[in-house]
Structures are given as C-alpha cells and as structure tokens.
Amino acid sequence: SRKYDDFTEIVSLEQKFEFRVNGHMVIGYIDGVVKTGETMWLLENKFNKRVEISGIDLDAQVSMYMLACYKLGINVAGVMYNIIRVAEGGVAIKQPVVRRKIFRNQEGLAFIEKEVAVQLDEMARFHVQGGAVYRTPTRDCGWDCSFYKACLSLNDDGDLATALSS
C-alpha cells in the first residue's frame, strides 16, 4: 500500500549495486530510489519500536548507498528514511510510518570512498595476515549481526576460537 507515500515515482526497489574501491569489489542492495517532483532520494527502511533518528546523519550504511548511487550515475539529494514502527498498539497504530528526509552532499563522497578503501584494505590484510580481533557493539547487535552469539560467548569464557565456531 502506498497510503503514506508522498513521493511521485518509484525509480527502483532493491537496486543492486556493484563497484570497485581500491581493487575491492563492493556489492549490495539499496532499499529503493524514489522521486519527489524532480528530486531523487534514496529510500531507506528502518524497522523500530520507536522513532529514533539520532545518528542518521552519519549512518555508514547510507553513506555506502550514496557512494553506490554516485557510481551508478544516480543523482540523489539525500535519504528518505521510512521509520516503520513494529510495536503493537498505541502510537504505532496511529502513526505506523514516520518519514524523515536527510540531505547529504555529494561533495563528501570522495572522502567516504577513501574511508571505505582504508577499511577494505584493513579487512583484506586481516584475511591474509591475521591480526587482533575486537568487537564494536552497537544497539543493533542483537537483531542485525550474525556474530551476536559469538560476541556473547566471549563474555562467558573469552575463548575466540570457541566463539567463532558457535
């Protein structure tokens, strides 16, 4: 249903992207690209119990999507977040979707690409040479990370080999 949509056109949904950064292949999917009038936007769906917008200006996932759009020749003005409430009852029934538009400058994409290159180089070195393992917990760990159980098991006995095999 497009009951809550205020955009005029869906340009693409589940837009696949592939591009290289410093010799590394980056592959992913953008939730969507939409238009309001003549302005194109990334469409990013977030499923939360409450509307939480702190930190979305620095959202690394969206930065990657902005870079992908640039590489694909899609000129977006920023990100249209659909914050979809998943709680039962109350405000989730009255206002199930909250939409926020965040403008992002394309001028910053060169820095984002350099930052991604550094991270990909570090991952490649780690894959070949090994290195120190460290956790970077976030509020999304419990539902959005395939290593969640491994991180929890490190709290139990500190054994990395056991944690990675769980």
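## Terms and confidence

Strands are DSSP runs of E covering at least two residues, and they are numbered from the N terminus. The structure discussed here is a predicted model, in which the mean pLDDT of the protein is 80 and 77% of its residues reach 70 or more. Among the elements of the protein, strand 2 (residues 24-36) has the highest mean pLDDT, at 93, whereas the lowest, 54, belongs to helix 2 (residues 91-94).

Although Asn-22 is not a glycine, its phi is positive, at about 55 degrees. With a relative accessible area of 52%, Asn-22 counts as exposed, because that term applies to values over 50%.

Glu-14, which lies in strand 1, also has a positive phi, near 50 degrees, and is likewise a residue other than glycine. The relative accessible area of Glu-14 is 48%, so this residue is classed as partly exposed, a class that lies between the limits of 20% and 50%.

Methods. Residues are numbered from 1 along each chain as its sequence is written. This is a predicted model: local features need pLDDT of at least 70, side-chain atom pairs count only at pLDDT 80 or more; totals for chains, interfaces and linings use all residues. Side-chain values use heavy atoms; hydrogens and water are left out. pLDDT is the predictor's confidence in each residue, from 0 to 100. Helices (H or I, at least four residues) and strands (E, at least two) are DSSP runs, numbered from the N terminus. Buried means under 20% relative accessible area, exposed over 50%, partly exposed in between (1.4 Å probe, protein chains only).
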